[in-house]
Amino acid sequence: MAPATLTRARRRWTVPSIAFALILSACGTNASAIHKTAATDTGTGPGTSGVATTQTPPPPPPPPTSPLSGLPVDPAMMARPVLVVKIDNVAEAHPQYGINQADVVYEELVENSSTRLMALFQSTDAGPIGPVRSARPTDVLLFTPLSRPLFAWSGANTWVRDMIGNANIVDVGNTPAVDQYYRDGSRVAPHNLFIQGYLSMLASHQEDAGAPPPLFAYRTATDPLGANARPLGSVNIVYGSYGGNAPVDYVWDGVGGWMRSQNGVPHVDSDGVQVAPPNVIIQFVDYVPNGGIPDGQLLGQGTAWVLTAGQIVEGTWVKSAPETPTQFLDATGAPIRLTPGRTWVSLAPPGSATITG
């Protein structure tokens, strides 16, 4: 009887023992899972330092940059329109006001081998600006890509006035915006007409002007300059086929700018500061007579020299339509990237520029 009784007893305890073992196993699994989860969430599990871990937040986005200079600007300034000002550039017009505050300055050939400037203001509150002079047909293809800018000018021939009148601009010339212009009695006319400044013009005549697109590609300090970039010391430009009475020199200052001279003397502004932009683009363009006025042919493509960071990149300019900005491409077809900062663009006739240093 003892063996039989022992067998039954074993059977009685076998089922509860299995059930209890299963319960313990389940509890142990859940506890282990909870322990692993806690270790993952708090960093207090086995193999951790006991200090809660946190994820590093992503870096903040870079600040917005000016569409005309590539420099960081207040986001509120991104929507400001461009004020385009035609500025006299003969000897009697010097010193000029505002030229060192302009984001971009174009230099174009006019009559008698003289040149005239078209200055673009958007990121600075320059004022006064001038002397203001008359428009030329070359201007239209320069300001058309700027998304309806304000255009300040002093007049033009009848057929050029018609071109300006049909252009997609806000006309703030001397007639429609006479409240913003004044004459400097210490100067001789017509080299004495000035506008009060960017902010004043914007407040009075902004209307439906638009914000400009980027005109150039810019680089960081580590970006390459472009294919076949090489050091450059200086360059000379002689405008016009009439003997050229407005020669221009740009000399690298070894720091960050191209010092400009005109007619053999430093080109300084009204504060006595020499023009020395970080970037100079020599865009070789043909000029054809148009009503007796040189008219720059800015559609199509041609040769361009880009001077930046003490080097020259020889490439190509391309403009496919009036409303598109001009592209500047290196020998591989990649955009030539400028140093963030001001840019002067010389619309020079082919063969007019010489590397001198």
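**Ground rules**

I number residues from 1 along each chain as its sequence is written, and I leave out hydrogens and water, so side-chain values use heavy atoms. Because the model is predicted, local features need pLDDT of at least 70 and side-chain atom pairs count only at pLDDT 80 or more, while totals for chains, interfaces and linings use all residues.

**Confidence**

I looked up pLDDT, the predictor's confidence in each residue, from 0 to 100. The chain averages 86. I noted that 83% of the residues score at least 70. Residues 1-45 fall below 50. Beyond near neighbours in sequence, that stretch has 14 contacts in the model (heavy atoms within 4.5 Å). Where pLDDT is low, the predicted coordinates should not be read in detail.

**Salt bridges**

I used this rule: a side-chain nitrogen of Lys or Arg within 4 Å of a carboxyl oxygen of Asp or Glu. The count is nine.

I went to Asp 88 and Arg 133. Their closest N and O atoms are 3.1 Å apart. Asp 88 sits in the loop between strand 1 (83-87) and strand 2 (104-109), and Arg 133 in the loop between strand 3 (115-121) and helix 2 (138-143), so the pair ties together parts 45 residues apart in sequence. Helices (H or I, at least four residues) and strands (E, at least two) are DSSP runs, numbered from the N terminus.

Are these two buried or exposed? I took buried as under 20% relative accessible area, exposed as over 50%, and partly exposed as in between (1.4 Å probe, protein chains only). Asp 88 is buried at 1%. Arg 133 is buried too, at 16%.

Next I checked Asp 208 and Arg 148, which form a salt bridge at 3.0 Å, N to O. They lie 60 residues apart. Asp 208 is partly exposed at 47%. Arg 148 is partly exposed at 22%.

I also found a salt bridge between Asp 184 and Arg 187, at 3.9 Å, N to O. Both residues are buried. Salt bridges with shared partners join Lys 86, Glu 108 and Asp 139 into one network.

I traced an open sheet of five strands, in the order 13-12-11-10-22, with antiparallel pairing. Two strands pair if DSSP finds at least two bridges between them. Strand 13 (265-266) and strand 22 (353-355) are at the edges with a single partner strand each, so one side of each has no neighbour in the sheet. Strand 11 (residues 248-252) and strand 12 (residues 258-262) pair over five bridges. Val 251 has Met 259 in strand 12 as its bridge partner.
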